[in-house]
Amino acid sequence: MSAEPSVASSSTPATQHKKTTRGGTRHFTEGGPVKKDGIQQAKTEGKELTKEEKQRLRKEKKQQKKSKEKKDEKASQESEKEKKPVSSASPASQPPTQPITPKAPSAVPTLVPVPASETPAPADKPAKSKAEMKAERRARQEAERASKQGKKGEVGQQAAPGKPKAPPSELQPVVKRLPEHVQVDNPEVLKKLAKKLERQQIPLRSDYGYKVSLFSHLHQYSRKAPLTQQLSIPSTVIHPAIVRLGLQYSQGIVAGSNARSVALLHAFKQVIRDYTTPPNEELSRDLVNKLKPYISFLNQCRPLSASMGNAIKYIKKEISNIPSQCKEEEAKSKLLNCIDRYIDEKINLAAKAIAKSSIEKISDGDVILVYGCSSLVNHILCEAFEKNRKFRVIVVDSRPRLEGREALRRLVQRGISCTYVLISAVSYILPEVSKVFLGAHALLANGYVMSRVGTSQIALVAKAFNVPVLVCCETYKFCERVQTDSFVSNELDDPDDLIVTRKGKTQLEHWQEVPSLGLLNLVYDVTPPDFVDLVITDLGMIPCTSVPVVLRVKNVDQ
Amino acid sequence: MPGPDKETDLTERIEAFLSDLKRGGSGTGPLRGSAETARETTALLRRITAQARWSSAGDLMEIIRKEGRRMTAAQPSETTVGNMIRRVLKIIREEYARSRGSSEETDQQESLHKLLTSGGLSEENFRQHFAALKANVIEAINELLTELEGTTDNIAMQALEHIHSNEVIMTIGRSRTVESFLKDAARKRKFHVIVAECAPFCQGHKMATSLSEAGIETTVIADAAIFAVMSRVNKVIIGTQTVLANGGLRAVNGTHTLALAAKHHSTPLIVCAPMFKLSPQFPNEEDTFHKFVSPHEVLPFTEGEILSKVNVHCPVFDYVPPELITLFISNIGGHAPSYIYRLMSELYHPEDHEL
């Protein structure tokens with residue numbers, strides 16, 4: 001779908017004539033019903049456009065083309081070639097400048113008459129989210145634009161009939177580019193990443209240890225080799241606050257979705273405070289470019305979480321929306337206020353709202369089971385205890401992270417009576433439990449809950465014992481990704497964490513030397529929505545399946 | 001004289017065995033496998049038969065019952081001891097009946113008519129003295145011992161019927177039966193094994209090292225990842241501590257979660273359990289079902305003050321209901337869980353269910 005604009009733009013001017021004269025003889029390799037409608041429109045209205053309109057539309061198409069970066073080259077190459085057999089009667093005024101790259105998947109979007117309604121949609125979205133890639137692509141685009149001058153006419157023609165459509169962003173989905181960190185088995189992607197990091201002067205972190213074959217598409221790093229060892233101190237490229245943050249992430253000092261996001265935002269505030277606009281540059285563009293290497297660095301230290309991704313998107317949007325006539329001091333203070341407001345609204349106030357709703361769900365005499373250490377769930381339980389609800393808590397923990405001990409300390413400090421077990425004893429303890437409260441790392445658009453590994457297990461056993469499962473999640477963690485299993489997109493932690501010494505013997509000490517032995521330390525897993533009874537968010541209590549509705553509402557607001 | 005010496009020798013051996021049992025189950029996982037316990041128990045019972053003073057079958061059964069009660073009291077969770085005692089009691093009954101020349105042993109509970117007319121076999125019937133009884137009983141116990149020795153191999157021989165190539169098999173903790181089962185299949189087939197480590201004792205680590213040394217592709221995962229990886233698993237093969245009378249299991253903790261995850265993904269759950277693990281217990285005996293060990297394993301003393309303010313549980317066993325189990329593989333072949341009650345009636349006499 002996202003390749004359509006390139007298709008549209010690469011039609012020849014000669015075919016324009018052809019369209020006006022013969023409306024029907026168009027051959028398509030593949031087509032969906034939407035495309036056929038656009039074609040019909042083109043056929044009927046192609047004859048009516050005047051030269052001026054075509055010029056105007058050509059200019060508009062030019063604008064749209066600028067903002068769409070990704071599939072320019074390859075898709076347009078193919079579409080050019082495809083145009084040729086279609087417009088066979090017209091002499092190819094533009095000799096094919098690029099050879100065909102036989103790529104079957106992109107054949108779908110490279111149809112001749114693309115309904116213009118689809119072209120604005122992808123153009124808009126990439127403009128917003130891929131703003132940071134503009135600088136890289138500009139040079140290439142200058143060259144391409146020259147060769148595509150003539151083809152804009154046909155595109156303009158398509159744009160006209162397709163204009164009056166409903167807000168495209170709601171109806172037309174954008175297939176985002178697959179993130180690098182789930183394509184580790186693709187050497188081209190790795191080479192591209194290495195080049196990008198070299199350009200940004202950030203060291204590349206290397207994988208460690210034998211990776212289980214099912215997960216060869218993910219990174220596996222060792223905690224003993226942090227990225228900062230390869231940096232010079234003081235680092236000239238990366239702000240020290242970011243270096244510190246990266247180290248805190250990779251060593252696990254700052255862990256947990258909310259904590260990481262808040263730490264990230266505070267570090268960015270520091271960066272903004274220390275920032276000065278270089279001469280001849282605009283703050284809105286330059287600051288975004290400055291942030292890119294920082295984000296790559298943090299990504300290398302530890303893959304970004306969904307909440308961090310959303311926070312970064314928000315910051316970038318705010319920065320690029322700074323008007324150019326704004327003075328630097330004013331702009332900076334505005335940004336700092338924005339960030340503060342974001343933290344306040346999305347995290348602190350959301351926690352208060354969720355606590356208020358959850359307390360209604362906790363009754364006297366309850367036995368509540370929690371897993372691991374979720375800052376939100378701990379907050380809820382402490383609030384409920386303040387409001388004099390009588391309940392006791394069972395904290396379930398799991399190796400190798402043993403985060404539950406932290407939750408246990410916090411709850412015991414408040415005076416809540418607690419029990420502590422490991423996850424293998426959960427089917428022993430569950431008959432006593434009346435409710436299960438779980439935290440989430442992200443909520444996916446198909447209703448799956450992505451959370452710490454082990455959460456889905458607890459939900460499964462709770463379902464078998466008919467105990468209600470409630471997930472607490474702020475809306476800023478909602479994410480447009482979809483996922484059905486815990487393999488395709490996950491994080492692999494240091495495999496050495498699984499090694500344990502009992503009674504002086506360490507069984508797995510030399511696991512690296514044994515060729516057929518692998519250790520797997522997963523960080524996240526996904527819980528299917530039928531295990532979850534209720535999701536408590538700051539917008540209210542919703543079922544798991546309403547997540548895409550919330551996302552849609554949020555998009556419209558923005 | 002040989003008499004009193006033999007007796008003291010016998011009592012010494014019994015005492016040694018009892019203290020061994022008490023120590024062996026002191027909460028750090030079985031120091032000895034169930035097979036060894038079964039063999040030692042049977043050997044001891046043979047010695048009792050040979051060396052104790054008894055004149056009729058009834059006396060012998062009384063002696064064995066008494067010792068048996070002491071042994072089971074020493075370590076209630078070690079059910080193989082009780083199982084072996086019941087097997088030997090059944091052997092004695094059979095040998096007695098054979099010596100008497102009657103074929104009643106096969107018809108005991110078969111027909112209502114027999115129940116009404118014969119009034120059941122009463123205790124008095126065992127008072128007759130038969131000279132050859134001792135020899136017969138000892139011979140039968142020897143047969144039982146040979147059977148015990150071959151159980152692991154018999155189970156392992158069936159491995160190739162159940163494992164095909166390029167399978168992903170999941171297991172939990174450490175079971176010697178499953179280990180030899182998988183190693184036997186690995187001689188001819190290539191497959192992957194995922195071992196759940198089974199905290200807090202982490203027996204899974206030892207299992208994984210042993211399997212990988214035999215050349216099997218092994219992966220160790222934490223207990224929390226059982227459901228996450230289950231979607232890629234083709235079969236779940238586990239061992240167990242006891243097979244209960246209803247076809248359920250008493251297995252190491254975490255097995256119930258594993259069984260539920262397998263059921264959710266419709267993955268077959270295969271239990272490799274030799275016959276001596278079959279016990280006439282039912283799971284609703286709450287106070288004898290669970291066994292707990294020191295919570296130090298879960299929350300070590302280094303955690304400090306909070307220890308006094310929290311309850312910590314460390315159960316050792318889990319109950320797995322028979323609905324979650326697909327197949328039992330034992331030394332006499334494969335059975336469905338619904339068939340277990342029948343096997344039990346063949347192995348043990350109903351009057352021996354309560355020692």
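Visitor: Is A:Arg414 partly exposed or buried, and what is its relative accessible area?

Guide: This is a predicted model. A residue counts as buried under 20% relative accessible area and as exposed over 50%. A:Arg414 falls between these limits and is therefore partly exposed, with a relative accessible area of 42%.

Visitor: How many residues apart are A:Asp366 and A:Lys435?

Guide: The side chains of A:Asp366 and A:Lys435 meet in a salt bridge at 2.7 Å, N to O. A:Asp366 belongs to strand 1 (residues 366-371) of chain A and A:Lys435 to strand 4 (residues 435-439) of chain A, so that the pair links distant parts of the chain. Both A:Asp366 and A:Lys435 are buried. Their separation in the chain is 69 residues.

Visitor: Which residues are joined with A:Arg401 and A:Glu403 into one network of salt bridges?

Guide: A:Arg401 and A:Glu403 form a salt bridge whose closest N and O atoms are 3.6 Å apart. A:Arg401 is partly exposed, at 28% relative accessible area, whereas A:Glu403 is buried, at 18%. Salt bridges that share partners join A:Arg401 and A:Glu403 into one network with A:Arg223, A:Arg452, A:Asp493 and A:Asp497.

Visitor: How many salt bridges are found over all chains in a search of the whole structure?

Guide: Between chain A and chain B the count is three salt bridges. Over all chains, the search finds 37.

Visitor: Which residue of chain A forms a salt bridge with B:Arg232?

Guide: This salt bridge joins chain B to chain A, and its closest N and O atoms are 2.7 Å apart. The count between the two chains also includes 23 residue pairs in polar contact. The partner of B:Arg232 is A:Asp485.

Visitor: About what area do chain A and chain B bury between them?

Guide: The contact takes 51 residues from chain A and 51 residues from chain B. A:Ser424, A:Tyr428 and A:Arg502 supply 14% of the area that chain A buries against chain B, more than any other three residues. Of the area buried between the chains, 63% is on carbon and sulfur atoms, and the whole is about 4,300 Å².

Visitor: How do the residues of the side of chain A that touches chain B divide into nonpolar, polar and charged, and how many are charged?

Guide: Between the two chains there are 23 residue pairs in polar contact. Helix 17 (404-414), strand 3 (418-422), helix 18 (426-429), helix 19 (455-464) and strand 10 (517-520) of chain A each supply at least two residues of the side that touches chain B. The residues of that side comprise 32 nonpolar and twelve polar, and the number charged is seven.

Visitor: Which residue in strand 8 of chain B stands opposite A:Thr419?

Guide: Strand 3 of chain A and strand 8 (residues 310-312) of chain B run parallel and are joined by three bridges. Opposite A:Thr419 stands B:Asn311.

Visitor: How many of the ten residues of helix 19 of chain A are buried?

Guide: The buried residues of this helix are A:Thr455, A:Ser456, A:Gln457, A:Ile458, A:Ala459, A:Leu460, A:Val461 and A:Ala462. The helix is followed by A:Asn466, which has a positive phi, near 60°. Helix 19 is largely enclosed by the rest of the structure, because the buried residues number eight.

Visitor: With which side chain does the side chain of B:Ser77 make a polar contact?

Guide: B:Ser77 is placed in the loop between helix 3 (57-74) and helix 4 (79-100) of chain B. At 8% relative accessibility, B:Ser77 counts as buried. Leaving aside neighbours within four places in sequence, B:Ser77 is in contact with B:Gln241, B:Arg250, B:Lys291 and B:Phe317. The polar contact, at 3.4 Å, is with the side chain of B:Lys291.

Visitor: What percentage of the 355 residues of chain B count as buried?

Guide: Chain B has 13 helices and eleven strands. Among its contacts with a separation of 6 or more, 80% are between residues 24 or more positions apart. The share of its residues that count as buried is 56%.

Terms used:
Residues numbered from 1 in each chain as written. Chains lettered and ligands numbered in written order. Predicted model: local features only at pLDDT ≥ 70, side-chain atom pairs only at ≥ 80, totals over all residues. Heavy atoms only, no water. Contact = heavy atoms within 4.5 Å. Buried area = accessible area lost by both parts, 1.4 Å probe. Salt bridge = Lys/Arg side-chain N within 4 Å of Asp/Glu carboxyl O. Polar contact = N/O pair within 3.5 Å; in protein donor to acceptor, adjacent residues only side chain to side chain. Helix = DSSP H or I, 4+ residues; strand = E, 2+ residues; numbered from the N terminus. Nonpolar A, V, L, I, M, F, W, Y, C, P; charged D, E, K, R; others polar. Pairing = 2+ DSSP bridges. Buried < 20%, exposed > 50% of the residue type's maximum accessible area, 1.4 Å probe, protein only.
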